[in-house]
Amino acid sequence: MAWTSLADRLHSLPLIICGPILRRVESNNVSVWIALRNDSDVMLTIHDQYDFELVSTGWIKPIQLGVNLFIVTITAEVIDNSFILEPDKIYTYNLLFESISSFSINNLVYSSGELRDDWISGGIDKIAYVSKNFDLPSFCLPTSDINNLRILHGSCRKPHGQGFDALSIVDVLILRDAENPIKRPQQLFLTGDQIYADDVADLLMYFIMDANKVLIGNFENIMMDGNQITDYFKPGVGERGKVAENANLTAGTDVMKNHLMRFGEYSCMYLFIWSNILWQIPDEINFPEIDSILNDEELNSENWYLINFESTLPEVRRSLANISCYMIFDDHDVTDDWNLNKIWCKNVYGNEQGKRIITNALLAYSLYQDWGNRPKTYSIEGQALAEVFKEIKLNGINNFDNIDNYDIFYALLNIRIISEDDVEMGNSGTLCSIWYYYINWENHQLLVLDTRTTRAWPNDEFDGCSELISENNLIKQVESWAINWASQNVKLTFVISPSPVFGVPFIENILDVVHIYSNIFDYSPNNEYLDKESWSAQNKAVLSLLAKLQRSNRNVNNIGIGRFVLLSGDVHYGFSNRSEIWSNKFFGQVTNEKLQTVLIQLNSSSFKNQEIKTKILHNIGYGPNFIFNPPQIIIRGYSSDEFTSLVIGKIIGIKENMMVEIPWNFIGDHIEVIENLYRKLILIPDWAMLMNYFIEDNSQFSKNREKDITNTNYENFKKEISTGILDIESFNNLEHDIYSHWSGGKEIVGKNNLGEVLLNGELMKMRNLLIIGCGGKKIH
């Protein structure tokens, strides 16, 4: 089969070219995102699984992004407020197209346009679990018993990354328990890097540029040195990499050869990573323009991983239609190192190409990801994103072909030049967009942090490390959330931070050493070894985040009951830890207030981006056993003002051949201390934290971890996953720890994986243990 342009295939494609993707689901509303190739009014209906009773409905007209591309997030509201969607039940949904006037809601009779086989291509089983007696996509709310809560999470999905796409495992898990709302996975949290805009395979870039011509229909005017760049494309050798460098982007010359730039390119990337409809993989890759380059051994390997990615997209598409998904960006959704530090922001936002590319990425993110997170935001008059929405609706594709329109987008998305006087990012106007959000359900809450566009630079250094969220924005993101749910009596809070709040000590110690030496021998503001994008790079910011979470998490009686699960990804390897915080006066508190908090951090490995370094970590775990066995950290701290001096203990030393004790002084607004043989506390700390990293405790798991996937295994996996007979035990043997009950975080997982949250009450219990100590002695 020879490859043909999308222009010659478009007429034969179904109406729905991407989706449906089930997004925000609450007791009184359900949202679904879809992309269409023709304009059509859309209606969404929600039904009880058993009696097919209509429980909610909604309709909307799609937004036109191109001559052949229309997208919509449609929300169905409950018809009768006395009849809401309930947990522990399964619901189905239907999509209807054509004219709204032809729908007859009362009798559930539709003159035309139901979700038919020809609208989705290949049969309803492409988006519904027909083998489990579902003739429509289905879903369930989070279970009423928090002990049965089942949440999936993950990040970092690069189509040509090594290994197979672990996101396809979601389909297996839903299929196994599709008819059981108690056991079925109920929510999917995607914690960053849904796309890799800065690192696109040559073959996929070719497909995207072809789709951009057909679906968008115009070519956005990207300029370099006063001249419009051409659209002629040869992978890795064209003008695209030069434009990326000229825009001061920092992903690296080799990687940026195929960097996404135009809005249409970002838009088409989402269509290719969520659905197989637009793909066409020929029997032989033979493109006249690039054939000679694709013979390169490295690029052939890249194509092999890309083709494997495409082969599991049907499973990915079906799973996303049947589980509610919540998303947040990280850097690769826009560009690598996005807002790394002050000098990065100054260089990129002070550059016309750089500013334009970042804006295109955020516009695409808002329509493809954020719209489903917070659908009501896009319809509230005066909200920044609603104004963005209005601009695109009014001017359509002309928005992206006229540079004058971008001034509006720059203002609404807070894209501005950074000066030496700036100490933080964040909203500079009343209409500027915000990206964090929070949702409440019956037993748990979700707080999603924006760690990319609200950063701070506390050291007044252009090349220094950034605080991932400034103090002002922490107040907005955490405390505004706390006020919103103060009346709720929930049991558990999920907090999504794309970057892990706590890193692995062994790895962070190595990075600290590398950071020091890179300063000495190879200093550059954008040196990859200086990429200290973690909470730990600014300990004060970590304490501020923990303090605000701890002080905010109270029940209706205003008693601190902090129980948090921190979900993150970013670093491409998975690990987990448990922290307990006791405080009389934690960081930033003015008065004494006894609080206790338990935090479980679950960091996922990549969906599809395992690397040599993560494979090494996969095998060595937390590091040499004589250093960390098991990894445990006890930190004690004090809160004071900036100028007060405290004597917190004594330091033991040798002077003139005699043992002496000198005061252990502390000056500053916060301190973290760790006792040892030579430093003893005499002043009771204001707060203390005990952190334990989970250790692998099953030898069979180690044996499974050593297995590598082969092409034969991969084909067997595909065969079994398509027939729905795959069981978890054979899955482990097939692809090491891709999914098992150990993959919840018993040690470092460096292979592609899907994270899962299954609650264990023992992990969340607060132990009656006082570790703050007095006079160097621990009190139990």
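Colleague: Why is phenylalanine 575 called buried?

Modeller: Buried means under 20% relative accessible area, exposed means over 50%, and partly exposed is in between (1.4 Å probe, protein chains only). Phenylalanine 575 has 1% relative accessibility, so buried is the label. Bear in mind that this is a predicted model, where local features need pLDDT of at least 70, side-chain atom pairs count only at pLDDT 80 or more, and totals for chains, interfaces and linings use all residues. Residues are numbered from 1 along each chain as its sequence is written, and side-chain values use heavy atoms, with hydrogens and water left out.

Colleague: What about aromatic pairs: how many does the structure hold?

Modeller: There are 25 aromatic pairs. In one of them, the ring centres of tyrosine 573 and phenylalanine 575 are 5.9 Å apart, with the planes at 35 degrees.

Colleague: What makes the rings of tyrosine 573 and phenylalanine 575 a tilted pair?

Modeller: Rings of Phe, Tyr and Trp (its six-membered ring) pair if their centres lie within 6.5 Å; planes under 30 degrees apart count as stacked, over 60 as edge-to-face, and the rest as tilted. With centres 5.9 Å apart and planes at 35 degrees, these two rings pair, and tilted is the class they fall into. Tyrosine 573 is buried too, at 10% relative accessible area. Elsewhere, ring pairs tie Trp33, Tyr270, Trp274 and Tyr368 into a cluster.

Colleague: How do you know that the charged end of arginine 356 sits over the ring of tyrosine 406?

Modeller: The rule asks for NZ of Lys or CZ of Arg within 6 Å of the ring centre and within 35 degrees of the ring normal. Arginine 356 has its charged end 3.7 Å from the centre of the tyrosine 406 ring, and it is listed as sitting over that ring.

Colleague: Why do arginine 150 and aspartate 177 count as a salt bridge?

Modeller: A salt bridge is a side-chain nitrogen of Lys or Arg within 4 Å of a carboxyl oxygen of Asp or Glu. Arginine 150 and aspartate 177 meet at 3.2 Å, N to O. This pair links distant parts of the chain, 27 residues apart: arginine 150 is in strand E11 (residues 150–157), while aspartate 177 is in the loop between H3 and strand E12 (187–190). Both arginine 150 and aspartate 177 are buried.

Colleague: How many salt bridges does the count come to?

Modeller: By that rule, 19. Among them, aspartate 331 and arginine 452 meet at 3.8 Å, N to O. Asp39, Asp41 and Lys61 are linked in a network of salt bridges.

Colleague: And arginine 416, buried or exposed or partly exposed?

Modeller: Partly exposed, because its relative accessibility is 23%. Arginine 416 forms a salt bridge with aspartate 422 at 3.6 Å, N to O. Aspartate 422 comes to 16% relative accessibility, so aspartate 422 counts as buried.

Colleague: What makes Ile612, Ile616 and Ile620 a nonpolar patch?

Modeller: Patches use residues with over 30% relative accessible area and no salt bridge; like charges are joined within 9 Å, and nonpolar side chains (Val, Leu, Ile, Met, Phe, Trp, Tyr) within 5 Å. Ile612, Ile616 and Ile620 form such a patch on the surface, with about 300 Å² of accessible area together. Areas like this come from the Shrake-Rupley method with a 1.4 Å probe, and for residues only the protein chains shown count as cover. Isoleucine 612 has a relative accessible area of 62%, so exposed is the label. Isoleucine 612 is in helix H17 (residues 612–620). Helices (H or I, at least four residues) and strands (E, at least two) are DSSP runs, numbered from the N terminus. An α-helix has 3.6 residues a turn, so residues three or four places apart point the same way.

Colleague: How do you know that E23 pairs with strand E28?

Modeller: Two strands pair if DSSP finds at least two bridges between them. E23 and E28 (residues 687–693) are joined by 6 bridges and run antiparallel. Glutamine 632 stands opposite asparagine 692 in E28.

Colleague: Why is strand E23 called mostly covered?

Modeller: In strand E23 (residues 632–639), 6 of its 8 residues are buried. Helix H9 (residues 313–320) gets that description with 7 of its 8 residues buried.
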